[in-house]
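Please keep the sequence and the model in view while reading.

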Amino acid sequence: MKIVQLCGVIEGAGITRYLIEVNNALVLAGHNVVAFDFSETKQKEANQTLHNLIRYEFTEEQLNIINSSDLVFVHQLLPKKMSDEYREQFENLIKNQITTKKILFLNDHSSTMTGFSKFYGSNVFTDLEFLNSFDKFCIHCDTNTYAMKLKNILGEEEFYKRYVNMHHPHHFDDNVINTWRNLNEKHRRITYIGRWHTIKHPEQMINMHKHMEGDWEFEMRGIVRLIGLIYTPDLFYEIDPNPELKGTKECIIGPSKRTFTPSKEWRLQNNYTKDDLLIDVPHGDKIWIFGEYKREDGMLAISKSAFGGEFYHLPDSTFYGNNLEYAMHEIIEHGTIPIFDTHAMKS
C-alpha cells in the first residue's frame, strides 16, 4: 500500500516519537510511505529517522502524491502560533482537497488535561465539516475525553463506525540486548528520562529521594528550566510552603538543597567538557538534573543505571487504553529495571 503521513508539527515530543515509530513500522511491513512536514522548523531526530520526509509546499504535484495514496494519516494539527492564512490553507487541504481515505490520530489522552484546546484552538470539535472529512479516528480508547466528545457530536453509532483503537508500535531492536549489562556492572542509580509533563509525574523522583537519600543515586535527564517549573518544590528552588505565597517570587527561599544541576562553570572547574554526559561520575546524595538529550545519549544513560523511573499516571483509569509511554518501552528495551506507577499498571 501507499501511505502518506501528514505531520502538522514535529515538536520532538511523544507524538513525534509515535509518528516516527509508525513510519518505521510501515516501511518494515513493506509499504510505500511518504511523510509531509507542515512545521516551521524540522527536528534533527525526525530528519534522521523518518523515511521520505518532505516539506509540504501546497503544490499540485504534492497534492497528487497524497491523492494517489491508499491512506492518509493526519498525525498532528497546526499549533496556534501558525499564521491564520497558513492554518486556513491546511484546513482547506484536509476538508476539500484530499479525496482519498484519511484518518485523524488523537494521541493525547484527555483534551482537558494536556491543554489541547489551548495549543490548537477550540474549534477542532466544533467544526463539523472538518470532522466529517475524516473516514476514521484513531484514539487510545473509546472512553477518554476525545471519544466522549466525538460520541456527543457524531452520535454513538457513527462514532463506532469510525473509531480505531490506537496501539503504540515500538520496534524492539534485537541488537540492543548486546548492550545489556549485569546488575553489578550498573550504577546504583535511579534515572528518569523524558521531558517534564504532568502525566509523567517526574516530581515522584523528589518524593522518592526524600525516603531514600544516601542509599541510591538519583538523576533526571530531559528536564529544561522553564518558567512553569520554577515553583515546583525542591526542583530548582526551595519553596516556602505558605499557601498565601504560592506562585509568587516571595515563595522562593533559595536554591534547592535536594538537586544539583552541573553548570558550565562547575564543568570547567572539574575538567569536564560540555559534551560529557557525566554518566560515570559519582552523583553523591543529590538528584542530578540534566536538560535535553539526544536519544542515543539518553538510552546510554538508562542502560547504565540499575533502575529507570517513569511515573505515567492519569487521573481516570478509563483514559489509558492499552498503551504505555515510549520512555517506558525504552527503559525495558535497554535492560534496566523499571519503576512504574501502580495506578497505571493496574489500569
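Which residue just after H12 takes a positive phi? Gly-335 does, at about 75°.

## Basis of the report

The model is predicted: local features need pLDDT of at least 70, side-chain atom pairs count only at pLDDT 80 or more, and totals for chains, interfaces and linings use all residues. Residues are numbered from 1 along each chain as its sequence is written, and side-chain values use heavy atoms, with hydrogens and water left out.

Helices (H or I, at least four residues) and strands (E, at least two) are DSSP runs, numbered from the N terminus.

## Helix H12

Helix H12 spans residues 326–333 and is largely enclosed by the rest of the structure, because seven of its eight residues are buried. Buried means under 20% relative accessible area, exposed over 50%, and partly exposed in between (1.4 Å probe, protein chains only). The buried residues of H12 are Tyr-326, Ala-327, Met-328, His-329, Glu-330, Ile-331 and Glu-333.

## Arg-258

Arg-258 is located in the loop that runs between strand S11 (252–255) and strand S12 (259–260). With a relative accessible area of 19%, Arg-258 is buried.

Contact means heavy atoms within 4.5 Å. Not counting residues up to four places away in sequence, Arg-258 touches Ile-206, His-209, Lys-210, Glu-213, Asp-234, Lys-286 and Ile-287.

## Val-27

Val-27 belongs to helix H1 (residues 14–28). Its relative accessible area is 32%, so Val-27 is partly exposed.

Leaving aside neighbours within four places in sequence, Val-27 is in contact with Val-33 and His-51. Between Val-27 and Ile-3 there are 9.9 Å in space, C-alpha to C-alpha, and the two are 24 residues apart in sequence.
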